[in-house]
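Subject: Handing over the two-chain model

Hi,

Here is the structure I promised to pass on. Have a look at it first, and then read my notes below.

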Amino acid sequence: MIELANISKTFKVAKRTGGFGEAVKSLFRREVTYVHALDGVSFTVGDGEMVGYIGPNGAGKSSTVKVMSGILTPDSGECVIDGLCPWKDRKAHVKNIGVVFGQRSQLWWDVPVIDSFELIRDIYAVPEAVYLRNRNRLAEMLDLGELLKTPARQLSLGQRMRCEIAASLLHDPKILFLDEPTIGLDAVSKIAVRDFIRELNRDRKTTVILTTHDMQDIEALAERILLIGKGRILLDGTLEQLKHRNTGEKKLTVEYTGGTLPTMDGLTLLHRQSGRAELSVDPGILSVSDAIAALSGQVEITDLSVQGMDTEELVVSLYREFRI
Amino acid sequence: MTARGRLAGSLLPAKKYLALFRVRFQNEMQYRVAALAGVCTQFVWGFMEILLFRAFYQVGGEMPMTFSQLVTYEWLQQAFLALFMLWFWDKDIIEAITGGNIAYELARPMDLYNMWFTRVAAQRIARALLRCLPILLVAFLLPEPYRMSLPVSFGAFLLFVVSTALGLCVVAALTMLVYALTFFTMSASGVRIFAASIAELLSGAVVPLPFFPEKWRLLAELSPFAAVQNLPLRLYSGNLAGDEALFYLGMQVFWLVALVLLGRILLRLMRRRLVVQGG
């Protein structure tokens, strides 16, 4: 059980514009601005939930994860995770969690991955039998095999990331924080990682909180979505609920020859390129069939498809709606 | 709980640190060519210093160390350079602070100070082990008067071992202070260069402390830097012995405790205002 109440964190940032003159000036007087990375964040996540945490760059996603994993001490607010306060009871708390920071590495650079794994086994005091079982299972599911004997510096980003995820799970954590876990992965690795996380959540009831910019991650994994912007939680709901919020704008993709596209209320041209156009239809103003009728009256249609908004566009429209 | 269970329980934390020590050690052992280059440099450097001092000794006058003591001091210094020098750093720790990998360090169920202290000590011991044997071997085979001597007595050797261990801990605690200060300044090089140049002089790395003018010698000997290499190297050759030796061993313990406390306080302050660089 994860409970956050009114968590705020402010960072002091030295500001100056570019240029040599400004650099000299800053030697004597530094202009400091305060960035409210987190501004009263509250939410509750139950055991075994899988939550996608989204928001634009700099919204406060990573800061929240770092507060929950005991790394950052917030300026104010309460956080209780399984009865412990992450930053006050850091050592006891981090035994129960696993963390993956997609942009960083926890593996020792110059030694084979397996040596890093054994260090982690000893740090978390994982019994040998449990360690071997977990390691073999992870190696099989994430297809690590020979990678374990390779020094981390010789791994590609995708290979390393699979090892990083395995490293964070050797001690059977009850909660897993994933901060952009699929960054830089190829399609095969991405799917492997997603399947793996889903199984982990289903079979072991591991609570998963994941931040990502990859909307396919969200679609594949998140039952529940938290949207954060400018340090505040803006939305909390399922992906379906979010999709319904948007009045169901449809996207028309037409391939056509000859003629010019009609312009009318409720029909907006998104994109056009040599005989292919994408238009959005607002069903509040214009029905889809009227739009198609108008189109076929003006141009020779060779192909046509109608889609709802996909997740990527949904998020863009959410960001726009909340001006973040 | 049974006695055995209690023992196992109390040993568990030690196992963590031992494992950390081992992996740092393995990491360091990857750099064997660097070690070979280091051995050559240190050997040449030691020889140059000894020749320089030889010139002074030949002019005559009263010297605070016998030439044989000096030669032994220099060879030991070069052989155990990696144990005692304040100018080398764990680049992973500096990277963790300035690049943000500290996030992973704090996600471990370990005390940050102990964790880094262990790594610093492990790195220094690994480097010293790789480098000391060839230098010592050659130094023992050189013709007189450049030959390194055996310890003056078994007692002196024991004191040397104890004080080497303490000296290593003091240097690790000093390094930890520099790392803690890096959190506040972010540019590690300023603090590091400052620390290194002062420490070099006051620790007796450039010129052994007995050669200092009286007042400066006293000042230096009371500083924490004298608790690093000055003591073990002089104990070995018998330049320091008896009550004086015990007094300075006491100083080593005092500085170790004081520096560890200060380092822990600084790290605790840092935790409250930590900013993880790079998001």
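What follows is a short tour of what turned up, chain by chain.

First, some ground rules. This is a predicted model, where local features need pLDDT of at least 70, side-chain atom pairs count only at pLDDT 80 or more, and totals for chains, interfaces and linings use all residues. Residues are numbered from 1 along each chain as its sequence is written, while chains are lettered from A and ligands numbered from 1 in the order in which they are written.

Let's start with chain A. Its domain assignment (bounds of this kind come from an automatic or database assignment) gives domain 1 at 47–243 and domain 2 at 247–308. Taken over C-alpha atoms, the centres of these two domains of chain A are separated by 43 Å.

Next, the sheets. Helices (H or I, at least four residues) and strands (E, at least two) are DSSP runs, numbered from the N terminus, and two strands pair if DSSP finds at least two bridges between them. One open sheet in chain A has four strands in the order β11-β12-β10-β13, with antiparallel pairing. β11 (267–273) and β13 (300–308) of chain A each have a single partner strand, so one side of each is left without a neighbour in the sheet. On average, and ignoring direction, neighbouring strands here are turned by 20° against each other. Strand β10 (residues 250–257) of chain A is joined to β13(A) by eight bridges, antiparallel again, and K250(A) stands opposite G308(A) in that pairing.

A helix goes with this sheet: α10 (residues 288–298) of chain A lies across β10, β11, β12 (276–281) and β13 of chain A, at about 160° to β13(A). Angles like this run from 0 to 180 degrees between N-to-C directions, with axes fitted to C-alpha atoms, for helices over the stretch in contact.

Chain A has another open sheet, of three strands in the order β2-β1-β4, also with antiparallel pairing. Its edge strands are β2 (31–45) and β4 (76–81) of chain A, each pairing on one side only. Five bridges link strand β1 (residues 2–15) of chain A to β4(A), and L4(A) stands opposite C79(A). In the loop between β4 and α3 (90–94) of chain A you will find D82(A), which has a positive phi of about 45° although it is not a glycine.

Now for chain B. Helix α8 (residues 154–185) and helix α12 (residues 242–272) of chain B pack at an angle of about 25°, with their axes 9 Å apart. They are therefore roughly parallel to each other (the cut-off is under 35 degrees). The residues of this contact divide into 21 nonpolar, four polar and no charged. Nonpolar means Ala, Val, Leu, Ile, Met, Phe, Trp, Tyr, Cys and Pro; charged means Asp, Glu, Lys and Arg; the others, Gly among them, are polar.

In the loop between α7 (112–141) and α8 of chain B sits P145(B), joined to E144(B) by a cis peptide bond with omega of about 5°.

Finally, how do the chains meet? 25 residues of chain B are in contact with 25 residues of chain A (C-beta atoms, placed from the backbone, within 7 Å). On the chain B side, α1 (3–28), α6 (102–106) and α12 of chain B each give two or more residues. α1(B) gives the most, with eight. That side divides into 13 nonpolar, seven polar and five charged residues.

Cheers

Conventions. Angles under 35 degrees count as roughly parallel, over 145 as roughly antiparallel, 65 to 115 as roughly perpendicular and the rest as oblique. Two residues are in contact if their C-beta atoms, placed from the backbone, lie within 7 Å.
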